[in-house]
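Please consult the sequence and the structure shown below.

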Amino acid sequence: MAPEKQRILMVSDFFYPNFGGVENHIYYLSQCLLELGHKVVVMTHAYGNRSGVRYMTGGLKVYYVPWRPFVMQNTLPTFYGTLPIIRTILIREQISLVHGHQAFSTLCHEALMHARTMGYKVVFTDHSLYGFSDVGSIHMNKVLQFTLADVTQAICVSHTSKENTVLRSGIPPEKVYMIPNAVDTAMFKPAEERPGGNEIVIVVISRLVYRKGADLLVEVIPEVCRLYPNVRFIVGGDGPKRVRLEEMREKHSLQDRVDMLGAVPHASVRSVLISGHIFLNSSLTEAFCIAILEAASCGLLTVSTRVGGVPEVLPEDMVVLAEPDPADMVLAIKKAISLLPEIDPQVMHERMKKLYDWHDVAKRTEIVYDRALKCPNQPLLGRLSRYLSCGSWAGKLFCLVMIIDFLLLHLLQLWQPEEDIDKVPDFVIPPVEISSAFDQEQDD
Amino acid sequence: MNESSIATARFTYIHDRKWPSAAIDVHHVIVRQSNLKGLLVCLLAFGFSANGLYLFMVLDKSPFALLWSLLLSSILLKLGIGKSVLKESVMIMPHFGVQLETHYKSGRISRRFVPVSTILKPLLLEHVNPVTSYWVLSLILLKEEELTPVFKELHLPLKMLVPIWKELCGSVSGDNDSSVHSNVEDHEQSV
């Protein structure tokens, strides 16, 4: 039996016009769910002047709520401040299920909390790996424990990420599903002709921060340039570690062999990728890594650190893995250079089309939604018992937070009854425009 | 004179076509006073003020406690009882313009006349603020960057806004068509 059509609210602090893994995931998943006949509404915070209601491709409605971000694009956590607007959106859009994204998003946590108080089923997707020992991770894990104590279902983007989320939050593993990310193969296509000549171009596109292994690049690039005079590097991206890479370039006189492009707009990433033969990823931690999918879709052989969920992403003949150590990475690049003649970018692209598809991700997510909606409703007292198991002090605190939320909700229902909130009429846009891009790509 | 009305718990909408030719189209929205809500707000404000006075005079606490209580009470009264709007009206005079009126309890009436030639389009938009979202009927005016809300103070339900929006659209499009035709006729005569 086909799953019922739902009205889904996606909530996260991370959405367009920001570009990143989470933002892309929400956008592509929403578009594919719209094509499947569901109604999808996205809620995020305002970005500069981008505030209010906007419509994106396919009729995707986005609420840019004017709560200013306070650090790293996150909304200021107020616990109860977002209750009125979240309640209003849930009622006026007649939402049936709330899907929150990213453990680091305060708006996501608050929305899931309020949605549970109002009796909605909630699904949470975790996109990142976190540690257990540093202060930041300890606090983050406690917040995640609070949110996931009462979440209906959870989704992780890799098996490693699922293990990490289960250990951090204590959520039963049977409630967690693994649905990987995908890549828009229509956008990331190899060049008609591979870059020729004797030169081998290695492309690096990432944020130049510690977490993405920029310090490893500082060691690896000069060594590879010394061993292979015909190798050139293209480094795209910006961040605090860019200065170190510039210094390395100056120190070893590699100005003509290492091109620093700066921040690369997402629309231009493909044009940078197809100018290379090998894609280098030096991340120190990754739950999934969409970047290597994009590179493989463009026909590049990938060299990556063996961290997190990266080993699960690509088949063995498409990726060369190395430990996050400069010497091991140089050896991996050496191996990749020797494998280059065997690589056919078009064949790689065709394989990626079969392996990763956002339509498949949407269908699997639909199944999760269906199972979430079949879960029984629990009254407040039953739900409070789940919070008590979160810790001797934390459990009681979480229960208090939920009780206050429950009381505030009822106060809000007296102040602004549900009948006073207008339901939004549905504007149906035929899905022809979205399908045509995929059909054209298949014909090609 | 034709009249129709819609009533909700907070507002009463009256659609009035004046004069035998029904030339002028008037839409009134009257605020229905909620005695219970007003009473609750006053009681709460009184409670805060009394608490502040008790802390200051009986328990000898700092005068700041009294000041905060009084400030909180005044904010509560302002939010709960509001700007004391009695009604808002929209008078559509085809081929001429639109008169927007706001009547306050204090007797003050705020009026604005918008000539029909300056109205590019009436719009129904969704407004989002940090605590809520609601529909707003606005006008796009010639040479003005900001939208002009038709109802300045009141947040009306969609079922009251839609008939007014339709009348405004009909009035504006009729005038725009006739101005286009007259421009075409002038051009043909000059040629």
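Strand 7 and strand 8 of chain B pair in the antiparallel sense over nine bridges; strands are DSSP runs of E with at least two residues, helices are DSSP runs of H or I with at least four, and both are numbered from the N terminus. Two strands count as paired if DSSP finds at least two bridges between them. In this predicted model, local features need pLDDT of at least 70 and side-chain atom pairs count only at pLDDT 80 or more, while totals for chains, interfaces and linings use all residues. Residues are numbered from 1 along each chain as its sequence is written, chains are lettered from A and ligands numbered from 1 in the order in which they are written, and side-chain values use heavy atoms, without hydrogens and water.

**Sheet of chain B**

**Confidence**
- Chain B has an average pLDDT of 81, and 83% of its residues score at least 70; pLDDT is the predictor's confidence in each residue, from 0 to 100.
- Over residues 178–191 of chain B, pLDDT stays under 50, and the model has zero contacts beyond four places in sequence for them.
- Where pLDDT is low, the predicted coordinates should not be read in detail.
- For the complex, the predictor gives an ipTM of 0.81 and a pTM of 0.86.

Notes:
Contact = heavy atoms within 4.5 Å.
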